[in-house]
Amino acid sequence: MLKLNLVAITLIWWCPNIVHAYGAVANPQTHLLYKGCSTYNASNLSSFFANINGTFSRVRDQVSNHRKHFATADEARGEVLTYTMFQCRNYLSRIDCLVCFNTATTQIRRNCSAANHATVIYDGCYLRYDRGKFYNESTEPGNGVSCGNMSAKGSGFREAGKQVLMDLQTATPKIKGFYAATKTQVDDGSAIYAVAQCVETATESDCLKCMTVGYHNLQSCLPKTEGRAYDAGCFMRYSTTPFFADNQTIDITPYLNQVANPLLSEGCSSYNVSNLRSFFANINGTFSRLREQISNESKHFFIDEAKGEVMTYTMFQCRNYLSMNDCLACFNTATTQIRNCSAANGARAVYEDCFLRYESAKFYDQTTDPGNGVLCGNTSLNTSNFRLAGQQVLMDLQTATPKIQGFYAATKTQVDGVGAIYGVAQCVETAAENDCLKCMQVGYDNLQSCFPNTDGTAYDAGCFMRYSTTPFFADNQIIDITLYLDQVGKPQTHLLKKRCNRGTYEASNLSSFFANINETFSILKAQISVENKHFGVADKAMGGVMTYAMFQCRNYLSQNNCLACFNTASTLIRNCSAANGATVIYDGCFLRYDSEKFYNETTESGNDVSCGNKSANYTGFKAAGQQVLMDLQTVTPKIKGFYAATKTQVADDSAIYAVAQCVETVTESDCLKCMSVGYNKLQSCLPNTEGIAYDAGCFMRYSTTPFFADNQTIDITSYLKQGRTTINSLPLILDE
C-alpha cells in the first residue's frame with residue numbers, strides 16, 4: 001500500500017521594500033557597486049575565521065544594539081590580526097542598516113572565502129576587513145564611479161548637478177560625522193537628491209581629498225540623472241529619484257557661507273583658440289593638477305603650464321587666511337565660472353577669497369592692468385578718525401606687503417569709537433617686490449573712493465587689498481607687520497613738526513580746495529611711484545582757488561619707503577581740514593601745501609631742532625660732530641640736487657652718520673643760508689649722539705646710530721678741495 005509522506009514546504013519571498021510591523025518602509029539599498037578580494041589567503045585559517053566571526057559579531061552589536069551607522073572592530077589570535085570597518089548611510093533606519101550589514105557579511109564570506117582582505121560596497125553600506133590597520137585611509141586606486149543611463153532633459157541640469165556636488169565636497173569634511181544629505185530644486189521642476197559621507201576615522205583633510213576624487217569622478221556622469229562615486233573611505237551619490245526622505249536633509253549652508261565669497265570680476269578674451277581639442281585637454285589637465293596641489297600641499301599660490309600645439313599658462317591664488325578646504329572650494333567655484341568663457345584663449349575670475357586666470361601667453365609677472373577695480377560696501381561711518389585710521393591701515397599694508405616673503409599681510413587695528421578695522425593685502429608670488437609695490441599703490445588709491453564706507457575691496461591683475469570693520473579672518477591669523485615698518489631703511493615717519501595755517505577757506509570754496517589737494521597730492525604721488533623721484537612740486541587752480549604743494553624725502557630712502565612716508569604725511573596733513581596752508585615734517589620726508597607759491601623759501605621763524613637724550617662718552621665727540629656738520633654746510637649747496645650723506649669715524653671707534661638736504665627749487669645761496677641756520681641750531685644738541693634740524697626748505701641730521709646704509713654715503717672731498725673750513729675759522733652765522 002502506497003504511503004504518502006507529506007512534506008511541508010516553506011516559501012520565502014524577498015521584496016526590496018518590506019513593510020515592518022510598525023509601518024515603516026524598509027529599503028536597505030543593497031545594490032552592489034564594488035566587490036574586491038585579495039589574491040592572497042590567510043595562512044592560519046582557524047585563527048583568521050575566528051577573527052572574522054568575532055569582529056563581525058562586535059560590529060553587528062554596535063549596529064543592532066547601539067544604533068550606530070559606523071563601527072570598527074579588531075581581534076588578534078595567535079599571529080593573525082584582523083581589522084574590520086562597517087558604515088551605512090545615515091538616512092537608513094537601524095533595521096535597514098542591519099540588513100545591509102548582513103547582506104555584506106554574506107557576500108564577503110561567500111566570494112572572498114579565505115582572502116586576507118576584502119571589501120564590498122553597496123548603495124546603502126560598506127564593509128571591509130584587512131590584516132593591516134586601514135582606518136585612516138580615504139582614497140586609493142580602486143576608486144570608481146557608477147552612472148545611470150538616463151539623461152536629464154533640462155539644459156541647466158549639468159551645472160546644477162556640479163554645484164550640488166561641489167557644495168557637498170566643501171561642506172562634508174566640515175560637518176561632525178562627515179555626512180551630508182541635500183535636496184536641490186532644478187529649473188525643470190525636478191529635484192536632485194544627494195549624499196556624501198566619509199568614514200569617521202579619517203581626518204578632515206583626508207575626507208576632503210576623498211570628496212575631491214569623488215567630485216571629479218562624478219563629472220563623467222553628468223548630465224545623467226544618477227551617479228555614484230565610491231572609494232576606500234568615502235561615498236557620494238546624486239539622483240533625481242528620491243533615495244531618502246525629504247525630512248532627512250541637512251542644512252549645509254553654515255558650512256558654505258562661513259565667509260561670503262562674491263564674484264568681483266570676470267573676463268574672457270575676445271579671441272578663441274584654433275585647436276579646441278588641445279586647448280580643452282590643456283585646461284582640464286592644468287585644472288586637475290592645480291586641484292591636486294591644493295588638496296595635497298599647504299600652499300595658497302599655484303601655477304601650472306601645459307605645452308603642445310596650444311600653450312596654456314594657469315595661475316591660482318587664494319587668501320592665506322583660508323583653510324585648505326575653503327581654498328579648494330573657491331578653486332572649484334572659479335573653475336566652474338571660468339569655463340563659461342568656453343574657447344576663449346584667456347580668462348580670469350576674481351573672488352573675494354581667490355583668483356584664477358589662464359592665458360595662451362605667459363603672464364606670471366603681471367601685477368596691474370586697466371582691468372583693476374574696486375568694490376565698496378554700502379554702510380558708512382562718518383567719523384573723521386575712521387577715515388584717517390582706515391587710510392593708515394591701507395598705507396601700512398601697502399608699505400609692508402611687498403617686503404614680506406610671500407607678499408601677504410593681514411592686520412587688525414583698534415580705532416576709538418569704531419571698534420576694529422581688519423585689513424588684508426596680497427600680491428601674486430611670481431611678481432617682483434617693486435611690481436608688488438606698484439600694484440599696492442593702485443589698490444590703495446582705488447580704495448580711497450570707498451571711505452567712509454566700512455568695507456572696501458580693490459583687485460588687480462596681480463594683487464588684492466581689502467578692509468572691513470566686520471571680521472573676515474580670525475584674530476589668530478593676524479601678521480605683525482611692524483618689523484617691516486620700523487627697521488633700518490624704514491620710511492622714517494617720526495613726526496618732527498605739524499603746522500596748520502590759521503587762514504581757512506570759506507565753505508563755498510571747500511569743494512575746489514579739496515579737489516586741488518587731491519589733484520596735487522596725486523601728481524606728487526605719481527612722481528614718486530612712477531618717476532622714482534625724491535622731490536616734487538605740483539599746483540592746481542580750480543574755482544578761483546590756487547593750491548601749491550611740495551614734497552621731499554631723503555635720498556637714501558627706497559622708492560617704497562619714500563612713498564610710505566608720503567602717504568603718512570598726506571594722511572596727517574589732511575587733519576588741518578580747510579586750512580589754506582599746512583606743513584608736516586618727518587625724519588624721512590617733508591610735505592607742504594599753501595595758497596601762495598613758496599617754492600623758493602628755505603628758512604622761516606618756525607625752524608627748530610630735536611636733540612637726542614644720550615651724551616657721547618668720547619670727550620672729542622663735540623668737536624668731531626661740529627666738523628661733520630660744518631662740512632655738510634659747506635658742500636651741500638654745491639652739490640647738484642642739494643643733498644649729501646656722510647659717515648665719519650670718531651676716536652672711540654664709533655661713527656657719525658650725517659645727512660643734509662635742501663629743496664631743489666632754491667638757489668645755492670639760499671640753500672647755504674638754510675644750512676647755516678641748521679648748523680647753528682644743532683650746536684645745542686652736541687655732545688648728544690643725535691640731533692635733527694629742520695626748516696622751511698632744508699634738513700640736517702646726525703646720529704651715531706645708522707639711519708642709512710654705508711653704501712649710500714656721498715664722497716664730498718671734491719667739494720672741499722679748495723680748503724676745508726675748520727671750526728676755528730668759521731664765522732658764526734646767526735639765525736635769520
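Predicted model: local features only at pLDDT ≥ 70, side-chain atom pairs only at ≥ 80, totals over all residues.
Five strands make up an open sheet, and their order across it is E8-E11-E12-E10-E9, with antiparallel pairing. The edges of this sheet are formed by strand E8 (144-147) and strand E9 (179-185), each of which pairs on one side only. From one strand to the next, the twist averages 10°. Strands of a sheet pair through backbone hydrogen bonds, in either a parallel or an antiparallel way. Within this sheet, strand E11 (residues 226-230) and strand E12 (residues 234-239) are joined in the antiparallel sense over 5 bridges, and Tyr-230 has Phe-235, in E12, as its bridge partner.

**Helices on the sheet**

Helix H3 (residues 157-171) packs on the sheet, where this helix touches E9, strand E10 (191-198) and E12, and the direction of H3 makes about 30° with that of E10. Helix H4 (residues 204-218) lies across E8, E10, E11 and E12, and runs at about 35° to E12.

**Disulfides**

The structure holds 18 disulfides, among them the links listed here.

| Disulfide | S to S distance |
|---|---|
| Cys-198 to Cys-207 | 2.2 Å |
| Cys-330 to Cys-354 | 2.1 Å |
| Cys-500 to Cys-576 | 1.9 Å |

The link between Cys-198 and Cys-207 has a torsion of about 85° about its S-S bond, and the disulfide is therefore right-handed. Cys-198 and Cys-207 are both buried.

Cys-330 and Cys-354 are both buried.

The link of Cys-500 and Cys-576 is left-handed, with -65° about the S-S bond. Here too the pair links distant parts of the chain, since Cys-500 belongs to strand E23 (residues 495-500) and Cys-576 to the loop between helix H12 (559-573) and strand E26 (581-586), 76 residues apart. The relative accessible area of Cys-500 is 33%, which makes this residue partly exposed, whereas Cys-576, with a relative accessible area of 7%, is buried.

Notes: Residues numbered from 1 in each chain as written. Heavy atoms only, no water. Pairing = 2+ DSSP bridges. Helix = DSSP H or I, 4+ residues; strand = E, 2+ residues; numbered from the N terminus. Axes fitted to C-alpha atoms, helices over the stretch in contact; angles between N-to-C directions. Contact = heavy atoms within 4.5 Å. Disulfide = S-S within 2.5 Å. Buried < 20%, exposed > 50% of the residue type's maximum accessible area, 1.4 Å probe, protein only.
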